[in-house]
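Welcome! Here is a short tour of a structure that may be new to you, grouped by topic so that you can look things up as you go.

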Amino acid sequence: MIASRNRSKLIERLTRLGQIGITHNNMADFSKSDELLNIPFINIFCSINTVIVQNYKNREPEEGDLRDVPILATVLPYCDVATTDRFMKGILVDRLRLNEKYGCAVFSAGQQDRLSFEQLLRNLN
């Protein structure tokens, strides 16, 4: 029954897309396009996960990783400052340079970062 209901919702949504000119071919082309990969959330989310999978195969994922990646992918393009743990900061800043691409200062809980963050806050006044 659930599968049948989900199938009917899918058919309904595809029908609505067809009514505004979006076809299966349009969706297939978009899924292969640079435009899709340039959506900030997708770019950041996929880039972080790619680095983790390719470079940290033996690292056990930490509890926060599952939350950190989508949160960072959501906020990084729209915030001036983001804070995260040292591991994620290393990926964002050192490996991917996404802080430069999106113009967001990234800080971790490390001592030097805390001092830099405090200085940033003092300079706001």
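Helix H5 gives the most to the lining of the largest pocket, with four residues. Please keep in mind that this is a predicted model, in which local features need pLDDT of at least 70 and side-chain atom pairs count only at pLDDT 80 or more, while totals for chains, interfaces and linings use all residues. Residues are numbered from 1 along each chain as its sequence is written, and side-chain values use heavy atoms, with hydrogens and water left out.

**The largest pocket**

- A pocket here is an open set of points on a 1 Å grid over the protein atoms alone, where a 1.4 Å probe fits and protein lies on both sides within 12 Å along at least five of seven lines; lining residues have an atom within 4 Å of a point.
- The volume of the largest pocket is about 170 Å³, taken as the space filled by probe spheres set on the points, which are joined across faces, edges and corners.
- At least two lining residues come from each of helix H4 (40-55) and helix H5 (65-75).
- Among the residues of the lining are Phe45, Asn49, Tyr56, Arg59, Asp65 and Leu66.
- Sorted by class, the lining has seven nonpolar, one polar and two charged residues; Ala, Val, Leu, Ile, Met, Phe, Trp, Tyr, Cys and Pro count as nonpolar, Asp, Glu, Lys and Arg as charged, and the others, Gly among them, as polar.

**Overall build**

- Eight helices and two strands make up the elements of the protein chain; these are DSSP runs numbered from the N terminus, with helices (H or I) of at least four residues and strands (E) of at least two.
- Read from the N terminus, their order is α-α-α-α-α-β-α-α-β-α.
- The radius of gyration of the protein chain is 20 Å, well over the 14 Å that the globule rule gives for 125 residues, so the chain is more spread out than a compact globule; the radius is taken over C-alpha atoms, and the rule is 2.2 Å times the number of residues to the power 0.38.
- Along the principal axes, the C-alpha atoms fill a box of roughly 55 × 40 × 25 Å.
- Of the 125 residues, 26% are buried (under 20% relative accessible area, with exposed over 50% and partly exposed in between, for a 1.4 Å probe and protein chains only).

**Cysteines**

- The structure holds zero disulfides (pairs of cysteine sulfur atoms within 2.5 Å).
- For cysteine 46, the nearest cysteine sulfur, that of cysteine 104, is 19 Å away.
- Cysteine 46 is partly exposed, at 37% relative accessible area.
- Cysteine 79 is also in no disulfide, with the sulfur of cysteine 104 being the nearest at 6.0 Å.
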